[in-house]
Amino acid sequence: MGVFPKHNDDMKLEVAWTVAPFILIVWLTYVSWVPLDAVWSETGEDGYHGEECEEGQSSNNQMDEIGIVTSECYHVIEITGKQWVWQFDCLDLSTDICDTGSDNVEVYGTVPLLSLKEGETYLANLRSEDVTHAPWFLGMGVKEDTLYGAQIGPSEYNWPTTLWLPIGDDVGDQIILCTEYCGDAHAIMAGKLVVHQ
Amino acid sequence: MSRKSARTLLVLSVIAMAMVVSPAVVSYPTGIQGVKDSGCNCHGATTSSEVVPSIIGLPEQYNYSESYEIVVSFEGGPSSPSNANQGGFHLWVSDGELLPSDATSQSYSPNEVSHTEAGNDQTTWTLTWVSPSSDRNVEFILHTNSVNGNADGANGGSSGDMWNKLTAKVSPPVLVLEEADPFVVLSTLILVSAILLAFTLAYVFYRTNPESFTWDYFAPWIADWLTTTDHKKIGTLYFLAGLFFLGVGGIMAMMIRIQLAVPGNDFLTQDQYNQFFTLHGTTMIFLAAMPLINGFANWMVPLQIGAPDLALPRLNAMSFWLQPVGALLIFTGVFSGSGADTGWTGYAPYVVSETAHMGTTMWVAGQIMLVASSTLTGINFLTTIAVMRAPGMGWLQMPLFTWSILIANLMLFLSIPAFGIGLIQVYLDRVIGTAFYDVSAGGDPLLWSHLFWYFGHPEVYVVIVPAFGVISEVIATSARRSIFGYRSMVYAMAGIGIVSFIVYGHHMFTSGMSPTLRFVTMLTTMLVAVPTGIKIFNWLKTMHGGSLVYRTHTLWTLGFLVTFTLGGISGMFFPSIAMDLHLHESYFVVAHFHYVLVGGTVFGFYAAIYYWFPKMSGRMLDEKLGVLHFLVGFISYNALFWPMHRLGVWGMARRHHTYFVTTEEAMGALPMEAAGWNMFISVSAFIFFFSNFIMVANMIKTVIRGEKAPPDPWGGWSFEWMTTSPPPTPSFDPHNLPVLTDANEHIANEPGTLSKLFNRLMVSEEDTEEVTH
């Protein structure tokens, strides 16, 4: 014979600590929501970065007080991941706006280099030639997966993923690491971003 | 009858053998070693001491990244200047780079050089060796071939040719110890633990009854354990298996920590490191946490609901015995030197790509067996809890641990099919060449991620919710009062169970999944904080005003409250997507999930061990050792995982076999002090690892000569405390089941909250009072 013990509860208290955290997370959600429109900005009128730049046109980046960058237009570049190296492609941008090369980073050795201009905004199309990779721009705190199959096949996923890279005056030279596990040399699949004037 | 069962056994063992052997054939091609071990493709059948190879120009100790000119030559054998051809060589070096100096030699790889056709007619060749830039013990292996050049002769071809082999060693500037193969270390440690486990069991067997320490007594004893369907014995088996694999996973974690203790370390190669973190994850989740939970669920659920056994005892035995076989399959790849290297998430398309190790196939096969095991366990517990509760025990009179097991199994039962389907697809892709994840054939690169996380997120709640149950039991008993808000505890757990199915997208915020879906899962993930918060507040309120008894299980529970809350708070950073874009796949994530899985699940189950061990073994654990275990474990645990948050924010990525610190300012990379923190973490990790042996020693000591435990040592209310310690078999007499009465029974006849509200609206209380006056 067992006895289920007497209830020990207080409806008011329990409702209070259900409602209070709920309000807290609504507020947190609201706070987290603010930068999202900028992070996943659309292209064109409704977005933060306008249409693609004409040749010779500049983005003229403006940063507001909470750090969101708006620009008049953007440049398109392409970042391709393959086992186990990054490839940066400036497409048809002039070397003044975007340049690639290679550089020697202390410890990582020779890594591919991407040189972008301060005050410009770039839209990186992310592609992969084999498995999923993800460039992590350490100093900018952004990353996004590169999906294989970005240009083949009929699936809705077969579009390249994209990443906005607005280069404000607070962005410095930085390491680019791979942050989606891609096999043997995943850890040393690095690159370097250089910001030029 | 016995012949029939022998035949069944034979058939089963043949099937098991076939399952183990057949896919191994597929993984064979990687196993062939190069010329350095087997000898060269030299002419001549065997080595000959007549040929004397030599290497001139090697230093005793090399300088970093320096070029050395070395001369390779041989003397003796049939070679002579008058022959059409004189000889050849092959040189292999373990480190650094070999370069041919002229057209007489050619490079196969940075490690291998051989002669060319132009170099066929000499006995001396000149090469360049560039020494490595770090400290390595470098080994050279030279094969030389002395040739008589009788290609056109009567006994044409290579007859009469001779070859020999020479090895040479060069030391680095700073002497280093010979490297041990980490796999040899791992398998040695596993073997040693297994032998120790066997000896311990034998010793326990001996000490419990020294007279019966003979094979005649031992054989039925072991047969009983192998064929048992008793929920308590299967629970013990689960428990032992879980602890064993907790140790194995721990050993792997220690190897990972040795590797990461200093930047740019080469204790493990990238290849080995990738296998270690994959198997660490798989082992800890599927082979350690789940069996530990199932161990306690098996033991306690029938006892708590007053049932003689589980509803389907044989199915229960099958659930357990699928696990060791699954574990064997998961580890098979390691024994062949190419275990799964996909991460425990096994993302497609890497998992089906050619670069993934062959052992991945076995790893997938093993997990399919674990899926089967979990499904059967789910059926069993849901049935048992639904139909076998003691008379008088309604749904809302079940102990909270039973509730937590019910909800965990419900979640598991609904989510694991997705994982099973994904695994079978991957298995078919890898074995018979289907194209579910072959993107170039139209496969979807995100399908696996969806299937995996649809299961994976509920799975981590499956692992943590039973710990909630344990904590609720322990805290109420230790505070010597009933749990605060029993019903809201149940609703909160159910809420977590429901929410868990719609939050999984937060693992895929950077995956290229549709932004709408990402946004939705951001909202739902935030919601998880509400029911979890309710539980934390209820636990605190239970202690408030109670009279807490500080036993070891109470200490672990308090530790749980601290670490789990910290883990929950660090978890609130991830649903904020802009934050997650930085933190995803960094050490911040590693810190977070170790805070909830070790600080939550493992601490919860340590509390369970100290709480229920007297019931399970009939002996009281040593409190002093328990408190020592808690103090050392809790402090080293926090020292181990807390600094990882900082490393993650700084930019240390997870699943990287090495990391680098840099003095280059503003590179956004790890600063110099990250190296110090990593060393600190590694040292703490070893302390935490070894602190757990205090508990193991405590358990062994207790089983052999512990104080006898009373039926209810802590003052709990539920049925398990009403039987003897250890309980009889069957646990309760099926014809005389215990009956539960509810101390709140009289409340049932009073008006509920809603009718009270209506009453208040109709006639105010003052009015009634006035009438009575």
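This is a short tour of a predicted model, stop by stop.

**Before you start.** Residues count from 1 along each chain as its sequence is written, while chains are lettered from A and ligands numbered from 1 in the order in which they are written. Local features need pLDDT of at least 70 and side-chain atom pairs count only at pLDDT 80 or more, whereas totals for chains, interfaces and linings use all residues.

**Stop 1: where the chains touch.** Select chain A and chain B. The contact draws 61 residues from chain A and 73 residues from chain B; two residues are in contact if their C-beta atoms, placed from the backbone, lie within 7 Å. On chain A, pick out β1 (2-4), α1 (11-33), α2 (36-39), β11 (142-143) and β13 (174-178): these elements each give two or more residues to the side that touches chain B. Helices (H or I, at least four residues) and strands (E, at least two) are DSSP runs, numbered from the N terminus. The largest share of that side, 10 residues, is from α1(A). By class, the side has 31 nonpolar, 19 polar and 11 charged residues. Nonpolar means Ala, Val, Leu, Ile, Met, Phe, Trp, Tyr, Cys and Pro; charged means Asp, Glu, Lys and Arg; the others, Gly among them, are polar.

Stop 2: Select β1(A) with β12 (residues 740-742) of chain B. They pair in the parallel sense over 3 bridges; pairing requires at least two DSSP bridges between two strands. Opposite Gly2(A) stands Leu740(B).

**Stop 3: a sheet in chain A.** Here 6 strands form an open sheet in the order β7-β8-β14-β13-β10-β11, with mixed pairing. Its edge strands are β7 (98-105) and β11, each pairing on one side only. Now show β7(A) with β8 (residues 109-117) of chain A: they run antiparallel, joined by 8 bridges. Find Gly101(A); its bridge partner in β8(A) is Leu113(A).

**Stop 4: domains of chain B.** Colour domain 1 (42-151 + 158-170), domain 2 (180-222) and domain 3 (228-719). The bounds come from an automatic or database domain assignment. The centres of domain 1 and domain 3, taken over C-alpha atoms, are 54 Å apart.

**Stop 5: two helices in chain B.** Select α6 (residues 270-305) and α9 (residues 400-431) of chain B. They pack at an angle of about 120°, with their axes 9 Å apart. At the contact, Ala297(B), Met300(B), Val301(B), Gln304(B) and Ile305(B) in α6(B) meet Phe401(B), Thr402(B) and Ile405(B) in α9(B). These residues divide into 6 nonpolar, 2 polar and no charged.

Definitions and conventions. Axes are lines fitted to C-alpha atoms, for helices over the stretch in contact, and angles run from 0 to 180 degrees between N-to-C directions.
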